[in-house]
Amino acid sequence: GSTKEVERMPNIKSQKDRVVQAKKEAMHNKAIKTSLKTVIKKADAAIDSNAADKDAVIRAAVSAIDSAKSKGVIHKNTASRKVSRMAKRNNKVNAAQ
C-alpha cells in the first residue's frame, strides 16, 4: 500500500503553538540556507572565472556564511569549513596567476 504521511495535530494548546512555530522556523531557515547556497555558488563562479569583482563577491559570501552561523542556521564548524574551502580555492587561483 501507499505510505502517506499523516499530519498529526496535538491536543495540547502549547504543543499546537510549537507545531506552528516549528513550521515557521523551518521555512525561515530554509530561505536563509537557499540564499546562502546562491551566494556561495556566485562566489565560486567568480573565483573560477577570475572576475574583477571577485574579492567583493567573496567578502559578501563570507558575510552571508557568518550571518547564517550567528542565526544558528548552520553550525560554526560548517561555516568555518565553507569559508576555509573558499579561501583555499581563491588562493590557488591567485597563485596560478
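## Salt bridges

Let's start with the charged pairs: this predicted model holds 3 salt bridges. Side chains of opposite charge can pair when their charged atoms come close.

Lys13 pairs with Asp17, with 3.9 Å between the closest N and O atoms. Both residues belong to helix 1 and are 4 residues apart, which is about one turn of the helix. Lys13 is exposed, because its relative accessible area of 61% is over 50%. Asp17, at 38% relative accessibility, counts as partly exposed.

Arg89 takes part in a salt bridge with Asp44, where the closest N and O atoms are 2.9 Å apart. Arg89 lies in helix 3 and Asp44 in helix 1, so this pair ties together parts that are 45 residues apart in sequence. Arg89 also meets Asp48 in a salt bridge, at 2.5 Å from N to O. Asp48 lies in helix 1, so its pairing with Arg89 in helix 3 ties together parts 41 residues apart in sequence.

Asp48 is exposed, with a relative accessible area of 56%.

## The positive patch

Now for the surface. Lys30, Lys33, Lys37, Lys41, Arg81, Lys82, Arg85, Lys88 and Lys92 form a positive surface patch. Helix 1 (13-49) and helix 3 (76-96) each supply at least two residues of the patch, and helix 3 gives the most, with 5 residues.

Lys92 is a handy example to look at in the viewer. This residue is found in helix 3 and is exposed, with a relative accessible area of 66%.

In soluble globular proteins, nonpolar side chains tend to be buried together. Here, the largest nonpolar core has 15 residues, and those with the most contacts inside it are Leu36, Ile65, Ala68, Ile74 and Met86. Helix 1, helix 2 (54-70) and helix 3 each supply at least two residues of this core. The largest share, 6 residues, comes from helix 1.

## A look at Asp66

Asp66 is found in helix 2. Is this residue buried, exposed or in between? At 35% relative accessibility, Asp66 counts as partly exposed. From C-alpha to C-alpha, Asp66 and Ile12 are 37 Å apart in space, and they are 54 residues apart in sequence.

Methods
Residues numbered from 1 in each chain as written. Predicted model: local features only at pLDDT ≥ 70, side-chain atom pairs only at ≥ 80, totals over all residues. Heavy atoms only, no water. Patch = residues over 30% accessible without salt bridge, like charges linked within 9 Å, V, L, I, M, F, W, Y side chains within 5 Å. Areas by Shrake-Rupley, 256 points an atom, 1.4 Å probe, with all protein chains shown as cover. Salt bridge = Lys/Arg side-chain N within 4 Å of Asp/Glu carboxyl O. Lys, Arg positive; Asp, Glu negative; His and termini not counted. Charge placed at Lys NZ, Arg CZ, Asp CG, Glu CD. Buried < 20%, exposed > 50% of the residue type's maximum accessible area, 1.4 Å probe, protein only. Core = buried A, V, L, I, M, F, W, Y, C linked by side-chain atoms within 4.5 Å.
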